[in-house]
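Before reading on, please take a moment to look over the sequence and the fold. The paragraphs below move from the strands to the backbone and then to the ligand.

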Amino acid sequence: MPFPDNFLWGAAVAANQCEGGFLQGNKGISNTDVITRGSLENPRQITYTVNHRRQKTALMNMENIPEDAEFVCFDDETYPNHESTDFYHHYKEDIALMKDLGLKAFRMSISWPRIFPLGNDEEPNEAGLAFYEEIFRGLKEAGIEPIVTINHYEIPIHLTELWGSWLDRRMITCFLNYCETIFMRYKDLVHYWLTFNEINHVNLVPFLAAGITKKDPRSLAVASHYELVAAAKAVSLGRRINPNFKFGCMIGHTQAYPYTCKPEDIYARWDFMSRCYLYSDVQVRGYYPTYQLKKWDREGIRPEITEQDRKDLQAGTVDFISFSYYHSGVQAADLAVLKMTGGNLSRGGKNPYLPTTEWGWQIDPMGLRMALIELYDRYQKPLFIVENGLGAKDQLVNGRVHDPYRIAYLKAHIEAMMLAIEVDGVELLGYTPWSFIDLVSAGTGEYRKRYGLVYVDKQDDGSGDYQRYRKDSFRWYREVIRTNGSNI
Ligand code: BG6
């Protein structure tokens with residue numbers, strides 16, 4: 001079998017999408033707390049007031065939000081992340097389910113505003129620290145390795161109102177303060193850390209990914225640079241606190257194909273891929289690739305990169321590359337030739353050879369194999385697939401959820417991983433499919449777009465009692481883990 005004995009079979013979630021516990025335990029308000037429910041047809045909205053007047057801006061393809069906006073929740077809107085699937089109150093039961101599943105690893109995130117409610121508080125919030133400590137102790141008892149994302153789409157909204165979030169260099173200090181607090185507290189309980197979830201997605205959803213309210217190219221470049229410096233400094237800081245920590249970058253990866261073999265289409269494909277390779281290039285190699293510096297110079301938007309920044313980036317390179325992979329896409333020199341379809345916080349060119357999910361995401365296990373080959377070839381560092389899965393409208397009937405479509409999706413992607421390891425020689429540390437348990441969709445804010453191996457009775461109309469049910473995919477994945485991938 002290609003999978004090594006210590007392969008980290010896992011499953012993933014993010015705090016903002018599964019925890020709930022809004023304002024409980026002194027939690028502060030985050031950017032995701034002011035985003036409404038949406039659907040495939042109706043985009044999620046960011047809500048705020050300007051001079052006490054109600055305003056809304058669509059999350060995807062957002063318009064710039066005025067600098068004096070005050071982010072608020074309106075009584076007549078629904079904010080699904082406030083409740084999510086209530087991991088906050090069910091974590092003990094959920095860890096027992098993880099143990100039953102046989103998980104070796106659990107990818108989760110810490111909510112920054114649960115630890116620092118405003119983001120720049122003098123002292124951390126003990127209730128928040130104690131909450132995660134209990135989870136990590138529970139995971140340890142269950143023999144499950146936590147893989148912790150330090151920042152998964154959750155910025156204390158106070159920092160957006162104060163400085164425009166990552167548009168301001170002072171964010172680095174706040175972020176490092178938060179990192180130091182959690183590294184010190186959990187240094188014997190957590191060993192694997194991911195810095196920013198899908199750091200490249202600041203370009204797709206600036207408010208969700210980075211809490212910023214502007215989307216012009218210079219703002220995106222500045223925010224990206226500060227996040228990259230903060231990530232590198234966090235790595236160096238963590239290594240000083242515990243030399244055994246392992247750090248990964250986390251990239252949202254879409255494997256793209258050229259529309260035709262026309263050289264211009266091949267270049268367009270490369271240009272698209274470079275927009276996400278930029279981030280892993282910096283985090284793995286420790287310096288900006290020349291293609292990006294040239295691009296910024298051409299556009300006149302190069303952010304200020306100080307001598308100290310260069311040293312910090314060089315010092316804080318990562319141990320492994322983690323990434324999400326859900327679908328592939330198609331790129332062309334002339335975008336008008338493409339038929340468009342859905343994708344992860346984005347839209348992309350349609351590929352006539354691939355089936356899609358109900359949300360239009362193109363199912364392509366071979367794309368995962370090629371992503372693994374390309375990333376390993378580029379960096380020669382271990383890889384970790386920390387998100388991969390199928391969003392579908394599952395039906396709970398008599399306490400059972402039959403989800404053969406999810407089993408088929410996961411099986412095909414695990415087979416692609418096997419080939420990448422065995423035939424192509426890729427070094428893969430683990431696999432944490434999205435998601436361990438049903439949660440709120442990041443893109444549409446729905447419950448009915450379910451990814452979990454565990455079903456949660458919580459519905460978009462607000463009904464449901466949060467009861468947990470093992471889906472068929474849970475039982476199937478348990479066997480995969482038990483046999484270390486030999487019985488899929
Ligand atoms: C990734 C995110 O982009 O994709 C997750 O890291 C997200 O937070 C996942 O939930 C699936 O996307 P969606 O929009 O279907 O929830």
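Two strands are said to pair if DSSP finds at least two bridges between them. With that in mind, and remembering that this is a predicted model, one can begin with strand E12, which covers residues 383-387 and pairs with E13 in the parallel sense over 3 bridges. Within this pairing, Phe-384 stands opposite Gly-430 of E13. Strand E13, residues 428-431, also pairs in the parallel sense with strand E1, residues 8-12, and here 2 bridges are found.

Elsewhere the strands are arranged in another way, for E3, E2 and E4 form an open sheet of 3 strands, in the order E3-E2-E4 and with antiparallel pairing. Why is one side of strand E3 and of strand E4 left without a neighbour in the sheet? Strand E3 (53-58) and strand E4 (70-71) stand at the edges and each has a single partner strand, so one side of each has no neighbour there. Strand E2, made of residues 45-50, runs antiparallel to E4 and is joined to it by 2 bridges, and in this pairing Thr-49 has Glu-70 of E4 as its bridge partner.

Two places in the loops deserve a careful look at the backbone. Most residues other than glycine have a negative phi, and most peptide bonds are trans. His-52, which is found in the loop between E2 and E3, has a positive phi of about 65° although it is not a glycine. In the loop between E13 and strand E14 (454-456) lies Ser-435, which is joined to Trp-434 by a cis peptide bond with an omega of about 10°.

Asn-344 has a polar side-chain atom 2.7 Å from an oxygen atom of the ligand, while for Ser-441 a polar side-chain atom lies 3.2 Å from a ligand oxygen atom. In the case of Gly-443 it is a polar backbone atom that is 2.7 Å from an oxygen atom of the ligand. Taken alone, the ligand exposes 380 Å², and the protein buries 99% of that area.

Terms used: Residues numbered from 1 in each chain as written. Predicted model: local features only at pLDDT ≥ 70, side-chain atom pairs only at ≥ 80, totals over all residues. Heavy atoms only, no water. Polar contact = N/O pair within 3.5 Å; in protein donor to acceptor, adjacent residues only side chain to side chain. Areas by Shrake-Rupley, 256 points an atom, 1.4 Å probe, with all protein chains shown as cover. Helix = DSSP H or I, 4+ residues; strand = E, 2+ residues; numbered from the N terminus.
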